[in-house]
Amino acid sequence: MKKLFIGFGIVAGIGVAVSIIMAILLLTCREAYFSIAGQYISQVLSSVALFGLSAWIGIKVIEKDSVVNLIGLNKKMNTRTWLMLVGLALVELPAVSFIEEWNKNIEFPQAFAGVEVWLRMMESQATALMEMFINSDSFLRLILNIVVLAAIPAMVEELMFRGWIQRNFCKITNHHTAIWVTALIFSAIHMQFYGFIPRMLLGAVLGYAYFYTRSLWSSIIIHFVNNTMAVIGGWLVYKGVLEEEMHVQSSIAIASLAISITIIYYVYKYNCKENIEK
């Protein structure tokens, strides 16, 4: 319990510090803050500090050991596992997209109409911010978006959620509970209800990949590929190559889910036994 409070204090402290810095920048450099360059800098600083830095400090302070060793960044995976993980990241996309489309169409009872309005307003703000980043013809902006919106979040969020939170939950409960509770927190912290369920399922996939391989690189690569496909997809929509609303057929979604589960099983089969015994 003491470690839990220390961890919460570290995250809260860094969160407050980041909020103060952003508030100062907003008050003193309002025009620069709302510029595209300012938003890129804000995105990087907030995600690196809130997720990456707080998790790294938390692991180091609480567990007093090498962070690289604890989270498995030094653990090598064979080529077969790497290929399965990349394949999983690509194959699960139709199933996630299908569930995301269903999640977006959830309607609240009349009694909670006010909550629904608030949630959709938050969703619109998040979409507007993403469109500001992605809506550009520049190929260099596409590369920058892959770095800022895909690579950096994949690394720092996996350090926080799988490398710190899930790994410590596994010490006090069974790994299935730890993975799903962490996935729920992972989705909730993004504050986007209309993507909550698919993001939670993605979090579970990331959790099982990390648990079975004991290497944080496994969840980082899946997270990175997932984010990169979203960035490239948004860019292609803006360029007019893809339609904005693409509906995934249920049969394709079911096939996607079945193949994804099969790949996860083989990741378990080829990695888990020796890792569990350690």
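**Aromatic contacts in a predicted model**

Student: Over the ring of which residue does the charged end of Arg-214 sit?

Tutor: This is a predicted model, in which local features need pLDDT of at least 70, side-chain atom pairs count only at pLDDT 80 or more, and totals for chains, interfaces and linings use all residues. Residues are numbered from 1 along each chain as its sequence is written, and side-chain values use heavy atoms, with hydrogens and water left out. A charge sits over a ring if NZ of Lys or CZ of Arg is within 6 Å of the ring centre and within 35 degrees of the ring normal. The charged end of Arg-214 lies 4.3 Å from the ring centre of Phe-211.

Student: How many aromatic pairs does a search of the whole structure find?

Tutor: Rings of Phe, Tyr and Trp (its six-membered ring) pair if their centres lie within 6.5 Å; planes under 30 degrees apart count as stacked, over 60 as edge-to-face and the rest as tilted. Across the whole structure, the number of aromatic pairs found is ten.

Student: What is the angle between the planes of Phe-161 and Phe-186?

Tutor: Phe-161 lies in helix H8 (residues 139–169) and Phe-186 in helix H9 (residues 175–188), so their pair ties together parts 25 residues apart in sequence; helices (H or I, at least four residues) are DSSP runs, numbered from the N terminus. The pair is edge-to-face, with 5.3 Å centre to centre and an angle of 75°.

Student: Over which ring does the charged end of Arg-80 sit?

Tutor: Ring pairs link Tyr-208, Phe-211, Tyr-212, Tyr-265, Tyr-266, Tyr-268 and Tyr-270 into a cluster. At 3.7 Å from the ring centre, the charged end of Arg-80 sits over Tyr-270.

Methods
Helix = DSSP H or I, 4+ residues; strand = E, 2+ residues; numbered from the N terminus.
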